[in-house]
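Subject: Structure for you to look at

Hello,

I am handing over the structure we spoke about, and below it you will find some notes to read with the coordinates open beside you.

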Amino acid sequence: MTFRVRFWGTRGSIPVALTAFDIRDKLARALVEASGRTFDTYEEAHAYASTELDFSITHTFGGHTPCVELDLGGPEYYVCDLGSGARPFGVHVLANQSRRPAVVNVFMSHVHWDHIMGFPFFGPAYVPGTTIRVHGCHDVIEQAFRLQQSAPCFPVDFDQLAAKIEFVKLEPDRPNVVGGLTVTPHLQLHSGDSYGFRFEKDGKSVVYSTDSEHKLENRAESESFAAFFRDADMVIFDAMYALAEAISVKADWGHSSNIVGVELCQMARAKHLVLFHHEPANDDATLEGLLKEARRFEELTRGEQALKVSAAYDGLELEP
Amino acid sequence: MALQARRFANALVVDVSGRLDQDNCDAFRADLMVHVEQSAHDGGSVVLDLSGLEYVSSAGLRCFMLAYRQAKAQHGRILVGALQPMVAEIFEISHFNLVFQVFPTVREALAAASSDAAASYDKAAVA
């Protein structure tokens with residue numbers, strides 16, 4: 001049985017990229033850390049970098065906006081949102097298909113720009129024979145897809161795409177069978193509404209819950225999300241801000257924090273929290289700090305069951 | 001969680017104890033706001049004595065944030081002191097230490113509020 005989660009885009013709001021300054025900074029920090037050591041081969045240096053240096057020195061969380069693939073190992077593709085990460089995801093699909101047309105099942109949390117902007121650059125949409133089924137709970141999904149490809153914003157109109165594109169309406173809080181998955185959407189607090197999705201297959205469950213603000217004073221809301229996350233093997237969670245930011249200057253912006261992610265997953269007895277939808281203003285060191293803080297908070301507040309805490313980055317693959 | 005308050009010159013020390021979470025945050029917030037508004041009306045500061053606070057959740061932290069904003073809007077101040085190690089760490093993890101002035105002791109928080117408040121506290125301690 002294959003059930004693999006592949007993160008193609010993990011950043012919120014707008015794509016970002018490392019700058020020349022950022023690369024030099026990482027190199028300088030690595031050299032300082034390695035001061036006094038000698039490496040006779042590339043492999044020795046690589047092993048040192050892989051095991052002894054901080055993630056934020058040797059890696060980057062990446063800058064593509066949300067696009068998360070659920071790889072079930074079958075002939076069809078399943079993906080949440082089509083942010084700018086949909087471009088490399090499309091390259092992956094084309095390479096994997098070797099000219100055979102693909103069937104791609106998309107689940108749209110909502111249609112804010114950072115969640116649809118990759119679609120005009122999604123290669124399979126231009127391949128005849130490809131089928132793209134876009135699932136979601138909003139009435140405006142097709143309208144949004146067409147709008148962003150309308151002149152004068154983009155040179156290729158939606159109607160010029162070669163793929164067969166269908167829009168499938170899902171009902172919230174009802175299990176839907178889509179290919180090899182059971183999918184249950186759940187309404188979330190976000191401007192214009194967003195929906196989380198709980199995916200279940202062969203006893204494994206993954207929740208994709210991004211662009212979702214949680215009102216801490218509302219116990220019924222917390223319990224509703226704890227039920228949605230209940231016993232999940234993995235919860236991909238909007239942890240855009242630190243808690244102090246999320247409930248002060250950025251209250252009502254429609255996003256949440258690493259701390260609330262830990263609390264809700266603990267309430268739900270979920271097994272693995274994956275921090276997601278990273279703030280574009282945060283550099284790699286800041287994001288690594290937020291991950292460490294979430295892990296420490298989990299340790300401090302742990303009940304009977306430990307919660308694994310990770311931070312998503314572009315290119316990360318996880319099994320629930 | 002009943003809130004006890006002690007006055008030292010123009011500062012009000014509010015004792016917070018037990019666990020502060022979603023179960024009791026509404027009542028706590030209502031009580032705290034009374035003290036914050038009274039203090040702001042008197043032109044003074046509120047010092048939260050957290051020496052008895054064993055745990056605070058995100059819902060509890062939100063109460064502190066709302067009180068902070070209320071005080072600021074009324075040109076008042078809230079300072080916190082005497083945090084237990086776990087609560088101090090939660091303040092850091094949640095970045096609340098970047099919002100609040102945090103002091104190791106209530107005496108130091110009062111000294112930051114005003115010299116009169118610290119003197120009054122010292123006098124009460126001797127007595």
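Predicted model: local features only at pLDDT ≥ 70, side-chain atom pairs only at ≥ 80, totals over all residues.

In chain A, strand 8 (residues 181-188) and strand 9 pair in the antiparallel sense over seven bridges, and A:Thr182 has A:Glu200 of strand 9 as its bridge partner. These two strands of chain A form a hairpin with five residues between them, and in the turn A:Gly192 has a positive phi of about 80 degrees.

Strand 9 of chain A also pairs with strand 10 (residues 204-209) of chain A, in the antiparallel sense and over five bridges, with A:Phe199 standing opposite A:Val206. Here two residues separate the strands of the hairpin, and A:Asp202 in the turn has a positive phi of about 50 degrees. Six of the eight residues of strand 9 (residues 194-201) of chain A are buried, so this strand is largely enclosed by the rest of the structure.

Most residues other than glycine have a negative phi, and most peptide bonds are trans. A:Ser13, which is not a glycine, has a positive phi of about 75 degrees, and A:Ser13 is buried, because 20 other C-beta atoms lie within 10 Å. B:His75 has a positive phi as well, near 60 degrees, but B:His75 is exposed, with 8 other C-beta atoms within 10 Å. Finally, the peptide bond from A:Ala151 to A:Pro152 is cis, with omega near 5 degrees, and A:Pro152 lies in the loop between helix 6 (141-148) and strand 6 (164-169) of chain A.

Best wishes

Conventions. Residues numbered from 1 in each chain as written. Chains lettered and ligands numbered in written order. Buried ≥ 20, exposed ≤ 12 C-beta atoms within 10 Å, placed from the backbone. Helix = DSSP H or I, 4+ residues; strand = E, 2+ residues; numbered from the N terminus. Pairing = 2+ DSSP bridges.
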